Amino acid sequence: MKENVEIKLTNQFCEILTANGFNFVSGVPCGVQKYIIANFSNNSKIKHIPATRESEALGIATGAFLSGERPIVYMQNSGLMNSINDINSLLIPYKIPILLLVTLRGAPGEDAPQHLINGRSTIRILDTIGISAQILTKENMKLIAQSSKTWLKEKQTPAVILIIKGILK
Amino acid sequence: MKRREAIQTILQNLNKNIAVVSSLGLISRELFDLKDSSQNFYMTGSMGLASSIGFGIAINKPNLKIVVIDGDGSLLMNLGSLATIGHFKLKNLIHVVLDNQAYGSCSEEPSISNTAKLDKLAKVVGYNIVKKVNNQVELEKIIKESLLARFDGPIFILVKIELGGCRDLPRVLKLDKITKRFKIFLSQFN
């Protein structure tokens with residue numbers, strides 16, 4: 001039952017993203033985003049190219065943006081930490097606006113100790129490099145997609161939507 | 001063959017309908033110094049990602065040929081990209097690796113490309129055509145062939161170059177302007 005709700009809400013969120021013009025996606029899987037990734041894989045409105053690392057995904061999405069597409073990259077915050085240099089030395093100075101869907105592991109309720117430091121530093125690091133980060137909820141799906149789109153358009157730098165485990169249940 | 005000679009040989013054989021993505025450090029600076037053009041995307045940061053950016057363009061612009069000018073150290077940093085390119089088998093991607101067996105843009109600390117056999121790796125992961133060249137004549141020949149319609153990619157060209165060369169090269173400074181200009185260039189193609 002809960003799973004059905006999560007799939008329904010996730011599909012709604014993906015629908016909102018494509019309705020806002022996002023049409024290309026790359027990324028590295030995260031269990032928390034499994035229904036989002038499944039949607040992208042079977043969604044004719046978005047071209048999905050999986051990557052082997054988050055940095056690579058950002059490179060592929062950069063190529064997509066340069067080609068006129070509107071890209072998304074999905075990853076876990078562990079992968080965000082892997083790719084901070086690519087955000088700081090490619091996306092921000094070259095003005096490459098990409099929407100990043102980032103799972104926030106290490107949030108309250110986390111049961112895996114290796115995620116805790118990433119969890120408590122993710123938002124502060126994004127804030128330090130001047131990237132907008134908003135936490136997705138059931139209630140703000142539309143608003144968060146629209147405000148991210150506005151950020152990307154006005155700032156021409158990446159925007160982050162943080163996703164916490166179980167938030168769409 | 002020196003780095004500059006290799007880049008010059010590639011440039012001399014390009015027409016106006018080809019996009020170039022160059023890897024960081026002296027490769028991009030040399031290209032910028034030899035011939036600045038809206039066809040070029042100089043990737044000056046994001047270590048290792050030139051081939052990923054080229055791939056991201058190639059998959060969205062199937063009618064445009066893309067030449068990536070990579071380095072051995074840079075490719076070793078993002079070997080997953082080699083596997084992705086081999087997997088998707090895009091016909092329009094030409095991946096040139098200038099191999100001086102060193103981190104040439106640093107202080108020429110040795111890389112491990114002498115044992116990594118990058119050309120063999122490219123073949124194994126699925127590149128359609130793989131060539132190793134040692135001089136400008138061979139390089140010119142394979143670049144010319146690669147740009148012909150009948151030559152399907154992904155094409156991997158390992159170019160053995162010497163260490164050394166000019167280091168006092170201009171830097172690409174207006175990075176967001178490069179994006180804007182290159183995006184307009186790409187918008188002409190499907």
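Reply:

Chain A has seven helices and six strands, where helices (H or I, at least four residues) and strands (E, at least two) are DSSP runs, numbered from the N terminus. Read from the N terminus on, the order of these elements in chain A is α-β-α-β-α-β-α-α-β-α-β-α-β. With a radius of gyration of 15 Å, close to the 15 Å of the globule rule for 169 residues, chain A is as compact as a globular protein of that length. The radius is taken over C-alpha atoms, and the rule is 2.2 Å times the number of residues to the power 0.38.

This is a predicted model, in which local features need pLDDT of at least 70 and side-chain atom pairs count only at pLDDT 80 or more, while totals for chains, interfaces and linings use all residues. Residues are numbered from 1 along each chain as its sequence is written, and chains are lettered from A and ligands numbered from 1 in the order in which they are written.

Along the principal axes, the C-alpha atoms of chain A fill a box of roughly 45 × 35 × 30 Å. Of its 169 residues, 47% count as buried (20 or more other C-beta atoms within 10 Å of the residue's own, with C-beta atoms placed from the backbone).

The contact between the chains takes 24 residues from chain A and 29 residues from chain B. On the chain B side, α9(B) gives the most, with seven residues.

Key
Contact = placed C-beta atoms within 7 Å. Buried ≥ 20, exposed ≤ 12 C-beta atoms within 10 Å, placed from the backbone.
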